Amino acid sequence: MAPPSMSTLPPDFIAEILTELPVKSLVRFMCVSKSFNALINDPYFIKKHLKRSIETNRERTLIVEDCKRLHNADPLFLKFEDKKRRPPDYYSVRFHEDGRFDRAVQIFQPLRHERAKGSVVYSCNGLVCLYNLESEITIWNPLIRKYKNLPFEPIDVPSGFEKDGSYSVRNSPATWSQLAFGHDPVSDDYKVVKVSELCKGRLRSFEVKVYSLRANSWRRVKDKWPIKSSVIGSKPAFLNGALHWLAKMRRSLEMLVALDLATEKFQKYRTPFKYVFGVSEPDLVVLGGYLCVFMTESLKPHNITVWVMRKYGVESSWTLLYTIVCGPCGAVPRPFRYCKPLAFAKNGKKILMQQDFDKLFWYDIKEDTCSKFEIVGMPDMFRTATCVGSLVLLDGDSVIDVDIEDGEPEDELTGTRRLHLKLWDV
């Protein structure tokens, strides 16, 4: 008896099989038939595939930004080596379950403005939010090379913060903006939040706006930033449908500020640690489904204390998890200025860490040891983010590098050439 063909298999059974496949294979299968194309583009299938990717941690990938030019202060170097001031290069590094890493492969990001001075990475559900100093913002799926550019949104300067023609530094208005990116599970919408701090003399104001990918538009968040006297003291972190920041307070403990992306309401939580200027530098991250704060001591011996919120939203659940000691007798022998946790190992016993902008190492929590390693093809200086395999934004625009000539070898990440990308768009 002949085995059943694909046409005789139940559609639900076929869909279940396809959810187990990596995005590289699924994008290829879109060219097989109209029925496969329709199935893989179905929103329900995309959500089911993403859920499976998150559960299994499959296709974990480091997205690496080459930031050597951003940290090189030699004007002669910039003049002769980077005349066009190209946007930063990006690379992908496949992250295997056993802790191995593939070779770094260059990928082409959508912000190709020749005057761009740099960009910063945030990731959520396989999507990466990029922005540069030209006020360009994009949501990008690097594994399937699709993106969506956001419309420009200016800061609405409130009364009293306008330029008054004075040349006094004290009375000159100043603004700082920070972007955050996350997913609203209630409306199944991806949102970019822009928090802008406006200062002029003793005046201080906050403006919070949110971009909806579903509506493709910006709007002002009605709820006010909850702590007017604070300064944003960390990069944002996304967890449980909310974005989080640490807020630095004068002569007081750090406060955790959370914005629920569904209700667009703020919450604030007390923390047990205090920011001391010039002594400790906090950073907020999500590890293993928990909010964690890494406090890096700026003074020698540059130790790192790690706090975790054991129960989300419960202030009393903050727990000092461990301390990473730096020095000749510590786990990290070399002094550093910056240390960032990236991800847990599959067994949960080790943490992948980035030291400064040029080293990666595994930290063994139980043994209090670190082991460094090298990845072939990595830039000399870099910033990193992690993402999983995802089909979200499959209907976006295609990222095609204009510098690659026809006949280039196959792309190691997607296994495709530019011609195939064009066929997908037909």
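Reader: What is the relative accessible area of arginine 219?

Author: This is a predicted model, where local features need pLDDT of at least 70, side-chain atom pairs count only at pLDDT 80 or more, and totals for chains, interfaces and linings use all residues. Residues are numbered from 1 along each chain as its sequence is written, and side-chain values use heavy atoms, with hydrogens and water left out. Buried means under 20% relative accessible area, exposed over 50%, and partly exposed in between, with a 1.4 Å probe and protein chains only. Arginine 219 is partly exposed, at a relative accessible area of 37%.

Reader: Which residue meets arginine 219 in a salt bridge, and at what N to O distance?

Author: A salt bridge puts a side-chain nitrogen of Lys or Arg within 4 Å of a carboxyl oxygen of Asp or Glu. Here the side chain of arginine 219 meets that of glutamate 264, N to O, at 2.4 Å.

Reader: Why does the pair of glutamate 264 and arginine 219 tie together separate parts, and how many residues apart are they in sequence?

Author: Strands are DSSP runs (E, at least two residues), as helices are (H or I, at least four), numbered from the N terminus. Glutamate 264 lies in the loop between β15 and β16, and arginine 219 in strand β11 (residues 217-220), so the pair ties together parts of the sequence at a separation of 45 residues.

Reader: Is glutamate 264 buried or exposed, and what is its relative accessible area?

Author: Look at its place first. Glutamate 264 sits in the hairpin of β15 and β16, with four residues between the strands, and takes a positive phi near 55°. Glutamate 264 is buried, with a relative accessible area of 13%.

Reader: Which lysine also meets glutamate 264 in a salt bridge?

Author: The N to O distance for this contact is 3.5 Å. The partner of glutamate 264 lies in strand β9 (residues 189-200), 73 residues apart from it. Both residues are buried. The partner is lysine 191.

Reader: Which aspartate meets lysine 191 in a salt bridge?

Author: The N to O distance is 3.2 Å.

Reader: How many residues of strand β15 are buried?

Author: Strand β15 spans residues 255-260 and is mostly covered. Of its six residues, the buried ones number five.

Conventions:
Pairing = 2+ DSSP bridges.
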